[in-house]
Every structure is written in structure tokens, then in C-alpha cells.
Amino acid sequence: MKGGKLKAESRKADSKLAVRKTKKEKKVKDPNKPKRPPSAFFVFMEGFRKEYKEKHPNNKSVAVVGKAGGDKWKSLSDEEKAPFVAKAEKRKEEYERKMEDYNKKLAGGADDESDKSKSEVNDEEEDDEGSGKEEDDE
């Protein structure tokens, strides 16, 4: 009896302590943002999928290909993984450069006016100054 009461009491206490989850609005992803680079394993899987499909053309299961790729990756030595790690590092460096450019565009684009609007403003200022000089000369 006491055990039953304790369980019931703990359930009540848990329900009181539980925090209600509110639905959050999903952030809209920027389509111009660079995609994250693949890891060495995914670089390996790009080639492995092609080889596996050539050897097993009747296999339609993605899970089987993924499992076979994972097993093959685990069986590779560090020396055999090295080319894939190098490719992944190269892609990561390229991604970091793209992200720097992307972040500069976000930071610079929000504060500054576009080049076209700057030139139009400058043209109007020059016209005003030029028209003022002609009036002074007369």
C-alpha cells in the first residue's frame, strides 16, 4: 500500500515540476548560407556508394549500403583513411573561407547602403553644388 501511494505522489510531483513545451517558430534558413562540409566518413561514402551499387545493382536498400559502408570504414587503417581525411580538411578550409565571406556580407550588407544608392546620392550632391555656383556667377 505504501509503495502505491509513493508512486502516485511522485507522479503528481513530477507533473507539477514538468515544464510545458511551447511551440517555437522555425527559423527561416538562409538559402545563401554555405553548407557544412562532409566529414571524412561521408567523403569515403561518396565513392563507396558508387562501388557498392555497381557490385550489387539489385539492392535498393539505403540502410544496407550504409551498414556496409560503416563496416568497411571501421575496418580501414589510419593510412587507408588518410586520403579521405585530407579531402575533408580541404573542404573544411574552403567552407570556412565561404563562411567568412558570407558573414562579411551579412555584417556589411545590413549597415551600408548599396553601391547604386551611394552613387545616386553623390550625383545629387554634385548637381546641387554645381547649380549653386552658376547662380553665384550671375
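1. **Before you start.** Please keep in mind that this is a predicted model, in which local features need pLDDT of at least 70 and side-chain atom pairs count only at pLDDT 80 or more, while totals for chains, interfaces and linings use all residues. Residues are numbered from 1 along each chain as its sequence is written, and side-chain values use heavy atoms, with hydrogens and water left out.

2. **The nonpolar core.** A nonpolar core is a set of buried Ala, Val, Leu, Ile, Met, Phe, Trp, Tyr and Cys residues joined through side-chain atoms within 4.5 Å. Buried means under 20% relative accessible area, exposed means over 50%, and partly exposed is in between (1.4 Å probe, protein chains only). The largest core here has 11 residues, among them Ala40, Phe44, Trp73 and Ala88. Two elements, α2 (40-55) and α3 (62-75), each give two or more residues to this core, and α2 has the largest share with six residues. Helices such as these are DSSP runs (H or I, at least four residues), numbered from the N terminus.

3. **Ala40 and its neighbours.** Which residues does Ala40 touch, not counting residues up to four places away in sequence? They are Trp73, Phe84, Val85 and Ala88, where contact means heavy atoms within 4.5 Å.

4. **Aromatic rings.** The structure holds eight aromatic pairs. Rings of Phe, Tyr and Trp (its six-membered ring) pair if their centres lie within 6.5 Å; planes under 30 degrees apart count as stacked, over 60 as edge-to-face and the rest as tilted. Phe41 and Phe44 form a tilted pair, because their ring centres are 6.4 Å apart and their planes are at 35 degrees. Both lie in helix α2, three residues apart, about one turn of the helix. Phe41 is partly exposed at 23% relative accessibility, whereas Phe44 is buried at 6%. Trp73 and Phe84 make an edge-to-face pair, with centres 6.2 Å apart and planes at 65 degrees. Trp73 lies in helix α3 and Phe84 in helix α4 (residues 78-111), so this pair ties together parts 11 residues apart in sequence.

5. **Helix α3.** Buried residues in α3 include Val65, Gly69 and Trp73.

6. **Tyr102.** This residue lies in helix α4 and is buried, with a relative accessible area of 12%. Tyr102 and Pro34 are 68 residues apart in sequence, but 7.8 Å apart in space, C-alpha to C-alpha. The side chains of Tyr102 and Asp30 are joined by a polar contact of 2.5 Å. A polar contact is a pair of N or O atoms within 3.5 Å; within protein, one must be able to donate a hydrogen and the other to accept it, and residues adjacent in sequence count only if both atoms are side-chain atoms.

7. **Salt bridges.** A salt bridge is a side-chain nitrogen of Lys or Arg within 4 Å of a carboxyl oxygen of Asp or Glu, and the count comes to two. One joins Arg91 and Glu46, whose closest N and O atoms are 3.0 Å apart. That pair links distant parts of the chain, with Arg91 in helix α4 and Glu46 in helix α2, 45 residues apart. Glu94 and Lys98 also meet in a salt bridge (3.4 Å, N to O); they are four residues apart in helix α4, about one helical turn.
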